[in-house]
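The sequence and structure come next.

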Amino acid sequence: MFSHFEGVVSEKQAGSLVIDCGGVGYLLQVSNTTLSAAPAVGERMKVYALLSVREDAMELFGFATREERAMFERLRAVSGVGPKMAMQVLSTLSLRDLSIALAAGDATALTRVPGIGKKTAQRLVLELRDKVEEGMLTGAGAAAAPMPAAGDAAGEAIEALMALGYTASDAARLVSRVADQSDRADELVRLALRQMG
């Protein structure tokens, strides 16, 4: 029903934004990533939107990028994951880190999200592993997908393999096979390349 809202940011609070479009204020539930990407109150912003309709509520969710909205929809489609939990995932993990975790089959990374246990994390990996888009891993929508942290050896190894010409999904797959053998990015790259023969 709604694709996006473009207007003035009139309120910023933890987990929500109000965008004033022609005198009508739309309250959007947002992730921490989108909230941090939002400009100061009084400035203009374009927010991609999704309307969630349930028996007891209608809620608008807002996203800084189309990629974040697409991931939200994928998360919501997983059995047992509602819109609140999907937003919690996007607030805890950057889009890039989430995409890498899913592509690599790293359920442990998903258990860092409050409210997600081992079984739910495994279900997310199982159902979404093959649905992660190349653009989410290679930096499209950079506002919602920062580079992996310096201490993230697996993420750095995947970046290095991509720089060598491997696709994001191939790099993630290679690193996931050797991720438990070292906590150093250079060693993970060497191990991943060795298994290629």
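A185 sits in helix α10, which spans residues 185-195. Helices here are DSSP runs (H or I, at least four residues), numbered from the N terminus. A185 is buried, at 17% relative accessible area. Buried means under 20% relative accessible area, exposed over 50%, and partly exposed in between (1.4 Å probe, protein chains only).

Leaving aside residues up to four places away in sequence, A185 touches A153, E156 and A157. A contact requires heavy atoms within 4.5 Å. D152 lies 33 residues from A185 in sequence, yet the C-alpha to C-alpha distance is 8.0 Å.

## Basis of the model

The model is predicted: local features need pLDDT of at least 70, side-chain atom pairs count only at pLDDT 80 or more, and totals for chains, interfaces and linings use all residues. Numbering runs from 1 along each chain as its sequence is written, and side-chain values use heavy atoms, with hydrogens and water left out.

## Aromatic pairs

The structure holds 5 aromatic pairs. One of them joins F2 and F5: tilted, 5.1 Å centre to centre, 40° between the planes. Rings of Phe, Tyr and Trp (its six-membered ring) pair if their centres lie within 6.5 Å; planes under 30 degrees apart count as stacked, over 60 as edge-to-face and the rest as tilted. F2 is partly exposed, at 28% relative accessibility. F5 is buried, at 6%.

F63 and F72 also form a tilted pair, with 5.0 Å between centres and 50° between planes. Both F63 and F72 are buried.

## Ring cluster

Which residues do ring pairs link into a cluster? They are F2, F5 and Y26.

Methods. Helices (H or I, at least four residues) and strands (E, at least two) are DSSP runs, numbered from the N terminus.
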